[in-house]
Every structure is written in C-alpha cells, then in structure tokens.
Amino acid sequence: MGKTTLMERLYYHYKLQGVKVGGFITREAIENGKRVGFRIIDLQSGREGWLAKAQPGSGPMYGRYCIILEDLEAIGLGAIQTAVESNLDIVLIDEIGPMEMSRRRFSAGISSFLQNGTGLTVATFKQGSHYPIIDKSLDNPTTTLLNITRDSREAVLSKLIELLDSSKGRGLNID
C-alpha cells in the first residue's frame, strides 16, 4: 500500500526542514524481479541490514523468510535507542509487524518506547495485526489512526504533515 514510501517521504520532508527525525524503515529486497527478503534501515545513521531473507537460517521463520535477529536488534532497536538518546523531534517506525514482533527483546523495546517515548512518533503496522502495545496505543486519545490504501496515500501523507506541523507548540521545532 506504500507505507514505507510514505515514511521515507515524511523523513525527507522534515529532514530538509532541519527537524531532528529518525527511526527505521523496512523495505522489500528484490533481485531479478523476485522478492528475496526485507531490509531494515536506520534512517539517522544509514546503517542497513537484513530483517528477513528467503532462505533457511538460525532465526525464526515467518512463512518462507528467516528473520535475521542480529540485524533486527542492532539496527531496529539501535535506531530507537539513538532516537531516545538524541531526543529526536519525530521518530518513524516502519513497521510493527509479525516479523519485527517475533523477537521478545525487540517487542519489549518497541513497547517501552511507545509507552515512554518523547517527541512525536509515526508508526506503521499491518492492518489486522494485534499486539497489546498497538491495541493500547490505539486506545490512547492522543493517537490518530490513518488507513493507507493505494488511493489514499497522498491524502494520508498530507494529513500526517498537517498533524505533525500542528504539534509545533508541543515540542516539534520546525525551522
């Protein structure tokens, strides 16, 4: 539906304005026209690794993909830890899904961040996924849920920018 593209566009929109923005994104890895896995990228440092590969390995399997726990934790959790330490204005988490949440340490780290994080957070998750931290966040009156479809992508991007920009007085410093 374009969740990752939307997050990348948000990232560059605010980075160009001098806003302290970071977090991580996950992107399909395509070789010879075929999906071979998913990459995980720390937006602030540019570090990149494998979230999952379409081959057997030592990590848990999700469908035909082996989750690469070392990269998930080092890059995914590392990006969240950096966001906290750097006191970022906006943290982007793409995505909270079955592969990412398969690791208890990662799940606990995301959970803790969402409960205690400062600044503004934009997170994507697969519709129909149910994780206690997501369900709890959706019940929070400060949470806005936007459904992304191919037809709504541009409208959702505009709405997110509007919501984030309106938060200037609540800690978002946009130059």
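In what order do the elements of the chain run from the N terminus on? In this predicted model, the order is α-β-β-β-β-β-α-β-α-β-α-α. That gives five helices and seven strands as the secondary structure of the chain. The radius of gyration is 16 Å, close to the 16 Å that the globule rule gives for 175 residues, so the chain is as compact as a globular protein of that length. Along its principal axes, the C-alpha trace spans about 50 × 35 × 30 Å.

Two figures describe the chain as a whole. Buried residues account for 43% of the 175 residues. Of the contacts between residues at least 6 apart in sequence, 57% join residues at least 24 apart.

Helix α3 has 13 residues, and from its first C-alpha to its last it reaches 18 Å, close to the 18 Å expected at 1.5 Å a residue. Its buried residues are Phe106, Ile110, Ser111 and Phe113. Viewed down the axis of α3, these buried residues fall within an arc of 165°, so they line one face of the helix. Arg104, Arg105 and Asn116 are exposed on the other side of α3. What do the buried residues of α3 pack against? Their partners are β1, α2 (69-85), β6, β7 and α4 (132-139).

Helix α5, residues 153-165, also has its own buried face to consider. With 13 residues, α5 reaches 18 Å between its first and last C-alpha, close to the 18 Å expected at 1.5 Å a residue. Val156, Leu157, Leu160, Ile161 and Leu164 are buried in α5. Seen down the axis of α5, the buried residues lie within an arc of 135°, so they line one face of this helix. They pack against α1, β6 (90-96) and β7 (120-125).

Helix α1, residues 3-15, contains Glu8. Is Glu8 buried or exposed? At 19% relative accessibility, Glu8 counts as buried, because the cut-off for that class is under 20%. Leaving aside residues up to four places away in sequence, Glu8 touches Ile25 and Arg27.

I come now to the aromatic side chains. The count of aromatic pairs comes to three, and I shall describe two of them.

The rings of Phe24 and Phe106 have their centres 6.0 Å apart and their planes at 70°, so this pair is edge-to-face. The pair links distant parts of the chain: Phe24 belongs to strand β1 (residues 21-31) and Phe106 to helix α3 (residues 104-116), 82 residues apart. Phe24 is buried, with a relative accessible area of 0%. Phe106 likewise counts as buried, at 0% relative accessibility.

For the second pair, Phe38 and Tyr65, the ring centres are 5.2 Å apart and the planes stand at 65°, so the pair is edge-to-face. This pair too links distant parts of the chain, with Phe38 in strand β2 (residues 34-42) and Tyr65 in strand β5 (residues 65-67), 27 residues apart. Phe38 counts as buried at 15% relative accessibility, and Tyr65 is buried with a relative accessible area of 8%.

One further ring involves a charge. Where does the charged end of Arg39 sit? It sits over the ring of Trp50, 4.5 Å from the centre of that ring.

Key
Residues are numbered from 1 along each chain as its sequence is written. This is a predicted model: local features need pLDDT of at least 70, side-chain atom pairs count only at pLDDT 80 or more; totals for chains, interfaces and linings use all residues. Side-chain values use heavy atoms; hydrogens and water are left out. Helices (H or I, at least four residues) and strands (E, at least two) are DSSP runs, numbered from the N terminus. Buried means under 20% relative accessible area, exposed over 50%, partly exposed in between (1.4 Å probe, protein chains only). Contact means heavy atoms within 4.5 Å. The expected span of a helix is 1.5 Å times one less than its number of residues. The arc is that of the directions from the helix axis to the C-beta atoms. Rings of Phe, Tyr and Trp (its six-membered ring) pair if their centres lie within 6.5 Å; planes under 30 degrees apart count as stacked, over 60 as edge-to-face and the rest as tilted. A charge sits over a ring if NZ of Lys or CZ of Arg is within 6 Å of the ring centre and within 35 degrees of the ring normal. The radius of gyration is taken over C-alpha atoms; the globule rule is 2.2 Å times the number of residues to the power 0.38.
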